[in-house]
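I opened a new model today and kept notes as I went.

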Amino acid sequence: MLFRSLGIGAQKGIKLGVEGEDAPNVLSGVDFLARIHRGESVAIGDDVAIVGGGDTAIDAARIAKRLGAKQVTIVYRRTVKEMPAIDEEIEEAEKEGVKMHFLTQPVAFVKEGERVTAMKCIQMALGEPDSSGRRRPVPVEGSDFEIPVTSVIAAISQEPDFEGFGQLIEGRDWFKVDDGGETKLENVYAGGDAVWLDIATTAIGHGRRAAESMIRRFQGLPK
């Protein structure tokens, strides 16, 4: 009996959807962190803006500080109460000197040649709750301002690279698994960020669940 277990992660950064983000000094959060952990040298300059409010954004901001950036600013479109990052990580980032621009969203980039030199932003206000249950940010007319940057790190979200795994995808959904971690293909299991974005311990739990399911099948026991 042959089993397959898929833990392909979510290594593709979601783009901001802002014109000019193809500049070489606009990076995705997951790519930035991966390059740092591989030991690569990443030139970010003195003024770094990170867009997002999750753990990837906080990690990128703290690493940028440790790389020597003088001004590191997190831009997040809601308030600190809505940030999905771990509270302790947010507090530690602030202690390290990371600045926070809440209720702020990038709308355009200012470029000199190929590189971005400033990020145009607009202030937001919280309106009615959206599908996530959090209040939807809405733009405040006439509140535009600019943040000077030497680099921008977009960490609004990420997604898996499903190339070669199309048979496991239904519509726009990610991998779907049953209570035992099995996909719609028999004896093919999946877990981790390709099922839903979460922390590493969740992925470890998914792996354990899949292993236990495989053992039960070997033993002829029900799922």
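What follows are my entries on salt bridges, strand pairing, backbone angles and one threonine.

**Ground rules**

I am working with a predicted model, where local features need pLDDT of at least 70, side-chain atom pairs count only at pLDDT 80 or more, and totals for chains, interfaces and linings use all residues. Residues are numbered from 1 along each chain as its sequence is written, and side-chain values use heavy atoms, with hydrogens and water left out.

**Entry 1: salt bridges**

I began with charged pairs. I took a salt bridge to be a side-chain nitrogen of Lys or Arg within 4 Å of a carboxyl oxygen of Asp or Glu. How many does a search of the whole structure find? It finds 12.

I looked up Lys111 and Asp22 among them. Their closest N and O atoms are 3.9 Å apart. Lys111 sits in strand β7 (residues 104-112), and Asp22 in the loop between β2 (12-13) and β3 (26-28), so this pair ties together parts that are 89 residues apart in sequence. Strands here are DSSP runs of E with at least two residues, numbered from the N terminus.

I then checked accessibility. I call a residue buried under 20% relative accessible area, exposed over 50%, and partly exposed in between (1.4 Å probe, protein chains only). Lys111 is partly exposed at 36%. Asp22 is exposed at 64%.

**Entry 2: a network**

Which residues does Glu40 meet in salt bridges? One is Arg35, at 3.2 Å from N to O. Another is Arg38, at 3.1 Å from N to O. I found that Asp31, Arg35, Arg38 and Glu40 are linked in a network of salt bridges.

Glu40 is partly exposed at 34%. Arg35 is partly exposed too, at 22%. Arg38 counts as exposed, at 54%.

**Entry 3: strand β11**

I turned to strand β11 (residues 151-154). Ser151 and Ile153 point one way, Val152 and Ala154 point the other way, and all are buried. In a regular strand the side chains alternate between the two faces of the sheet.

Which strands pair with β11? I count two strands as paired if DSSP finds at least two bridges between them. β3 runs parallel to β11, and 3 bridges join them. Leu27 has Ile153 in β11 as its bridge partner. Strand β4 (residues 47-51) also pairs with β11 in the parallel sense, over 4 bridges. There I see Ala49 opposite Val152.

**Entry 4: positive phi**

I looked for positive phi in residues other than glycine. Leu103 has phi near 50 degrees. Leu103 lies in the loop between β6 (99-101) and β7. Its relative accessible area is 22%, which is partly exposed.

Asn187 has phi near 70 degrees. The place of Asn187 is the loop between β12 (158-159) and β13 (188-190). Is Asn187 buried or exposed? Asn187 is buried, at 13%.

**Entry 5: Thr104**

My last stop was Thr104, in strand β7. Thr104 is buried, with a relative accessible area of 1%. The side chain of Thr104 reaches the backbone oxygen of Phe102 at 2.8 Å.

What does Thr104 touch, not counting residues up to four places away in sequence? With contact meaning heavy atoms within 4.5 Å, I list Val75, Tyr76, Arg77, Cys121, Ile122, Gln123, Met124 and Phe145.

Technical notes:
A polar contact is a pair of N or O atoms within 3.5 Å; within protein, one must be able to donate a hydrogen and the other to accept it, and residues adjacent in sequence count only if both atoms are side-chain atoms.
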